[in-house]
Amino acid sequence: MAFPSPSRNSGMFDLHGYFPMILEGMVLTVEVALISLLIAVILGFFGAIAKLSKSRIARSTATVYTTLIRGIPDLVLMTIIFYGGQIQVNNIGDSLGWDYIDISPFVAGTLTIGFIFGAYMTETFRGGILAVSSSEIEAALAFGMPSWKVFLRITLPLMVRHALPGFGNNWMVLAKTTALVSVIGLHDMLYNAGVAGGATRQPFTFFLVVALMYLCITGISDLGLRWANRRYSVGVRKV
Amino acid sequence: MDYTVIFDNLPLYLEGLWVTIQLVVIALVSGFGLAVPLSLMAVSKNSFLRYPAKAYIYFFRGTPLLVQMFLLYYGMSQFEAIRESVLWILFREAYWCAIIAFALNTAGYTAEILRGAIEQTPFGEVEASRACGMSKTIMFRRIILPGSFRRALPAYGNEVIFMLHGSALAGVITIVDLFGAAKIVNSRYFVPFESYITAGFFYLSCTFCLIWFFKWVEKHWYVHLRPRTS
């Protein structure tokens with residue numbers, strides 16, 4: 001890639017041809033966000049079921065998970081998993097005679113973000129499930145549905161409406177947390193902006209571009225979430 | 001696992017903890033000071049006041065804190081006017097850049113929390129204070145703001161915890177806070193797992209203290225809502 005030299009005459013908003021690089025980074029950022037959202041939803045789903053289950057072991061495991069995750073900063077968790085996880089994997093691998101396994105920043109980043117937001121999703125989904133009115137479940141049981149069918153057909157579709165606002169909040173925070181993957185060396189949009197800003201001596205310009213990109217992501221998500229909220233609240237009377 | 005290194009470096013962690021506490025407290029206090037006028041602007045009927053406040057809140061809630069911090073720490077050097085002004089004394093130092101970024105960020109979130117709380121003021125309270133002949137200033141000072149602070153408390157407690165967690169980002173720009181201390185220990189002795197876990201443990205303890213503190217404050221402020229014991 002050619003690195004254009006900074007020219008003194010150009011204005012503050014001259015990107016010196018670095019915009020494609022920022023866009024590439026944005027694609028990676030969106031990838032990280034979507035994959036970790038998927039992990040978070042799956043974890044949150046099982047976490048919520050565990051928290052509401054009758055088994056005490058499942059409940060306390062889920063409580064320890066959500067408490068620990070929500071008590072430690074995301075950046076610290078990410079470094080624990082990225083640097084510390086690498087060593088643990090090597091230790092285990094050594095004793096089992098595996099080859100060297102490299103934890104890529106992408107895997108560490110998405111896993112950590114998914115793991116963190118799984119805890120937040122657990123709380124959101126738990127609240128959503130609890131908000132489903134018990135008479136709906138009673139009615140389903142009266143129809144003779146087995147409990148797994150009650151969960152799949154009644155509780156799950158109805159909890160979406162209650163969980164959606166919290167889910168939306170979690171997604172917004174998650175999308176912004178993806179900026180942290182640049183700290184563990186992933187070439188996301190923030191990392192690329194740092195490179196471009198250093199080469200052109202216009203760090204403010206490039207970080208501002210990244211900020212605007214994030215505003216686009218959160219703005220579009222906001223519109224989408226509003227639409228979903230309307231769609232899932234069709235059956236609710238507005239006061 | 002080798003924790004002797006950690007015990008030898010405990011003073012470094014404690015110094016880091018002290019820096020973290022400084023960052024969080026200064027940012028929270030100044031952020032709150034900024035948030036109150038911002039939230040009042042955001043509920044004002046005057047659009048010249050309302051739109052700038054809304055734009056501020058939208059920007060700071062819509063972009064990552066790390067980007068905001070980089071904008072200040074790396075970005076400000078782009079402008080010669082700032083490099084030659086008195087402000088450069090602040091923007092030259094990572095410490096002040098981090099504090100300013102944290103304060104501006106938490107101000108955005110706090111203003112949004114307060115705005116919601118102000119808008120939820122029961123209209124009867126406003127009516128009653130008008131009937132008592134209060135001016136608008138007195139009404140805000142005596143009725144609306146105190147009630148809103150109380151309504152905003154649970155959400156603000158969360159925001160304080162988020163600020164504590166966000167303060168770990170200061171370690172990225174060379175500040176030796178708790179996370180920075182862990183980074184130093186790791187780079188000196190190469191004990192990534194132990195060093196970062198220790199920092200995590202300190203953060204966890206701080207979080208628990210904050211949760212406990214806010215529970216205590218809530219108990220104190222919500223006395224009138226407690227179920228009657230007879």
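Among contacts in chain A between residues at least 6 apart in sequence, what percentage join residues at least 24 apart? The figure is 76%. The model behind this number is predicted.

Start with chain A as a whole. Chain A has 8 helices and 0 strands. Its pattern along the sequence reads α-α-α-α-α-α-α-α. The radius of gyration of chain A is 22 Å, while the globule rule gives 18 Å for 239 residues, so chain A is more spread out than a compact globule. The C-alpha trace of chain A spans about 75 × 60 × 25 Å along its principal axes. Of the 239 residues in chain A, 38% are buried.

Now turn to the place where the chains meet. Here 31 residues of chain A are in contact with 27 residues of chain B. Three helices of chain A each supply at least two residues to this side: H3 (74–96), H7 (189–200) and H8 (203–232). What classes of residue make up the side of chain A that touches chain B? There are 20 nonpolar, 8 polar and 3 charged residues.

Two packed helices are described by the angle between their axes and the distance between the axes. H3(A) packs with helix H11 of chain B, residues 192–221, at an angle of about 150°. Their axes are 8 Å apart. Angles over 145 degrees count as roughly antiparallel, so H3(A) is roughly antiparallel to H11(B). The crossing of H3(A) and H11(B) is left-handed.

Which residues form this contact? From H3(A) come Val76(A), Leu77(A), Thr79(A), Ile80(A), Tyr83(A), Gly84(A), Ile87(A) and Gln88(A). They meet Pro192(B), Phe193(B), Tyr196(B), Ile197(B), Ala199(B), Gly200(B) and Tyr203(B) in H11(B). By class, the residues of this contact divide into 11 nonpolar, 4 polar and no charged.

Ala199(B) leads on into chain B. This residue of H11(B) takes part in the contact with H3(A), and Ala181(B) touches Ala199(B) as well. Ala181(B) sits in helix H10 of chain B, residues 178–189. In sequence, Ala181(B) and Ala199(B) are 18 residues apart. In space, they are 8.0 Å apart, C-alpha to C-alpha.

Is Ala181(B) buried or exposed? It has 27 C-beta neighbours inside 10 Å, and 20 or more are enough, so Ala181(B) counts as buried. Leaving aside residues up to four places away in sequence, Ala181(B) also touches Leu12(B), Tyr13(B), Glu15(B), Gly16(B) and Val176(B).

Two loops, one on each side of H10, complete the tour. Most residues other than glycine have a negative phi. Thr174(B) has a positive one, near 70°. Thr174(B) is found in the loop between helix H9 (136–166) and H10 of chain B. With 13 other C-beta atoms within 10 Å, Thr174(B) is partly exposed.

Phe190(B) also has a positive phi, near 50°. Where is Phe190(B) placed? Phe190(B) lies in the loop between H10 and H11 of chain B. Phe190(B) has 11 other C-beta atoms within 10 Å, and a residue with 12 or fewer is exposed, so Phe190(B) is exposed.

Technical notes:
Residues are numbered from 1 along each chain as its sequence is written. Chains are lettered from A and ligands numbered from 1 in the order in which they are written. This is a predicted model: local features need pLDDT of at least 70, side-chain atom pairs count only at pLDDT 80 or more; totals for chains, interfaces and linings use all residues. Two residues are in contact if their C-beta atoms, placed from the backbone, lie within 7 Å. Helices (H or I, at least four residues) and strands (E, at least two) are DSSP runs, numbered from the N terminus. Ala, Val, Leu, Ile, Met, Phe, Trp, Tyr, Cys and Pro count as nonpolar, Asp, Glu, Lys and Arg as charged, and the others, Gly among them, as polar. Axes are lines fitted to C-alpha atoms, for helices over the stretch in contact, and angles run from 0 to 180 degrees between N-to-C directions. Angles under 35 degrees count as roughly parallel, over 145 as roughly antiparallel, 65 to 115 as roughly perpendicular and the rest as oblique. A crossing is left-handed if the near helix is turned anticlockwise from the far one by less than a right angle, and right-handed if clockwise. The radius of gyration is taken over C-alpha atoms; the globule rule is 2.2 Å times the number of residues to the power 0.38.
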